Amino acid sequence: YTSNGNNPYLFYTDVSNANFNFYENLISAPDLGDRPFISPLSSTSWKLTYKYKLEEQFIENGRVVYKIKVTPRLENGPYFEGHIWIVDDIWAIKSVNLKIVPATLGFFNYFQVLHNYEQSEDERWILKREDYYYNIEDGRKDNKVRYYGNSIAIHSDYQLDVEFPKRLFGNELRRVETGATELDSSWWDINRPITLKKAEKKFINEQDSIIAYHTSPEYLRIQDSIFNHLTFWEPFTDGIGYRNRAKGMEYFMNPI
């Protein structure tokens with residue numbers, strides 16, 4: 001089964017696109033930058049990289065939670081800035097709201113990470129929800145277009161400490177079943193964890209209509225007719241071309 005490829009303006013279409021584990025010293029996100037980002041909770045370089053300020057503390061579910069502001073010591077570098085919430089005594093991450101310093105972003109102009117964690121039945125803190133907000137500028141300098149994106153992932157049904165039988169995993173990394181991308185709106189209404197807004201549904205319907213028209217025989221016939229139209233000077237300056245997509249035919253002759 002083949003697909004048309006990934007949309008470059010969408011982030012986190014696959015779980016392998018992002019692994020923001022802030023308990024690690026370095027966070028690798030190749031889609032965002034060409035070098036790893038330093039976690040605000042890095043055990044090796046936090047004194048040299050970040051400044052911290054306790055802004056607030058409150059009680060939630062019988063535990064004290066600290067809201068800490070994180071600021072990079074340098075203006076440019078693979079750093080985060082924003083806030084982290086830490087649970088007292090157990091020192092687990094409750095949530096984060098961090099932006100990546102723009103100077104280190106490659107394709108993106110702005111990127112914000114929001115994570116929320118919750119305790120499992122055995123009192124381990126697991127990632128519950130991921131939100132990503134970002135924007136991208138693309139196009140020529142005199143005609144740039146800005147795209148705004150928001151990706152949300154909700155995690156549930158965790159299975160912890162699973163013991164897999166030997167030789168269960170092979171070389172296959174992921175599998176896309178036939179028809180997986182052809183699910184109708186009723187399926188999405190049931191399985192989408194966050195419902196779309198009216199404006200978002202309208203946008204999707206309009207885009208689907210445009211794509212359907214641009215691939216219709218009528219539209220392709222009109223485009224072929226425009227391409228095949230010949231003016232007096234074209235054989236001398238632009239050349240002669242003919243196209244018939246319905247029959248899979250196309251040829252071109254260079255100008256005189």
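**Figure 1. Antiparallel pairing of strands S5 and S6 in the predicted model.** Strand S5, residues 80–87, and strand S6, residues 93–100, are joined by seven bridges and pair in the antiparallel sense. The model shown here and in the other views is a predicted one. Phenylalanine 80 has isoleucine 100 of S6 as its bridge partner. On the other pairing of S5, six bridges connect this strand with S4, again in the antiparallel sense. There, the bridge partner of tyrosine 66 is isoleucine 86 in S5.

**Figure 2. The open sheet of seven strands.** The strands follow the order S3-S4-S5-S6-S7-S8-S9, and their pairing is antiparallel. Strand S3 (50–60) and strand S9 (145–154) are the edge strands, each of which pairs on one side only. From one strand to the next, the twist averages 10 degrees. Strands of a sheet pair through backbone hydrogen bonds, in either a parallel or an antiparallel arrangement.

**Figure 3. The hairpin of strands S3 and S4.** Strand S4 comprises residues 63–72 and runs antiparallel to S3, to which ten bridges join it. Glutamate 60 stands opposite arginine 63 of S4. Two residues lie between the strands of this hairpin, and asparagine 61 adopts a positive phi near 55 degrees. Asparagine 61 is placed in the loop between S3 and S4. Asparagine 61 counts as exposed because its relative accessibility is 76%, and the cut-off for exposed residues is over 50%. The C-alpha atom of asparagine 61 is separated by 30 Å from that of isoleucine 27, a residue 34 positions apart from it along the chain.

**Figure 4. The salt-bridge network of Asp122, Arg124 and Asp161.** These three residues, Asp122, Arg124 and Asp161, are linked in a network of salt bridges. Arginine 124 forms a salt bridge with aspartate 122, in which the closest N and O atoms are 2.8 Å apart. A salt bridge also joins the side chains of arginine 124 and aspartate 161, with an N to O distance of 2.8 Å. The latter pair links distant parts of the chain: arginine 124 lies in the loop between strand S7 (110–119) and strand S8 (125–138), whereas aspartate 161 lies in the loop between S9 and H2, 37 residues apart. Arginine 124 is partly exposed, at a relative accessible area of 33%. Aspartate 122 likewise counts as partly exposed, at 43% relative accessibility. Aspartate 161 has a relative accessible area of 63% and is therefore exposed.

**Figure 5. The salt bridge between aspartate 131 and arginine 129.** The closest N and O atoms of aspartate 131 and arginine 129 are 2.7 Å apart, and the two residues form a salt bridge. Aspartate 131 is buried because its relative accessible area is 4%, the cut-off for buried residues being under 20%. Arginine 129, at 29% relative accessibility, counts as partly exposed. The count of salt bridges comes to seven.

**Figure 6. A nonpolar patch on the surface.** Val162, Phe164, Leu168 and Phe169 form the patch, and together they have about 430 Å² of accessible area. Phenylalanine 169 is placed in the loop between S9 and helix H2 (185–191). This residue, phenylalanine 169, counts as exposed because its relative accessibility is 63%.

**Figure 7. The overall setting of the close-up views.** The protein has five helices and eleven strands. Its radius of gyration is 26 Å, whereas a compact globule of 256 residues would have a value near 18 Å. Taken along the principal axes, the C-alpha atoms fill a box of roughly 80 × 45 × 45 Å. Of the 256 residues in the protein, 28% are buried.

How values were computed:
Residues are numbered from 1 along each chain as its sequence is written. This is a predicted model: local features need pLDDT of at least 70, side-chain atom pairs count only at pLDDT 80 or more; totals for chains, interfaces and linings use all residues. Side-chain values use heavy atoms; hydrogens and water are left out. Two strands pair if DSSP finds at least two bridges between them. Helices (H or I, at least four residues) and strands (E, at least two) are DSSP runs, numbered from the N terminus. Axes are lines fitted to C-alpha atoms, for helices over the stretch in contact, and angles run from 0 to 180 degrees between N-to-C directions. Patches are made of residues with over 30% relative accessible area and no salt bridge: like charges are joined within 9 Å, nonpolar side chains (Val, Leu, Ile, Met, Phe, Trp, Tyr) within 5 Å. Accessible areas come from the Shrake-Rupley method with a 1.4 Å probe; for residues, only the protein chains shown count as cover. A salt bridge is a side-chain nitrogen of Lys or Arg within 4 Å of a carboxyl oxygen of Asp or Glu. Buried means under 20% relative accessible area, exposed over 50%, partly exposed in between (1.4 Å probe, protein chains only). The radius of gyration is taken over C-alpha atoms; the globule rule is 2.2 Å times the number of residues to the power 0.38.
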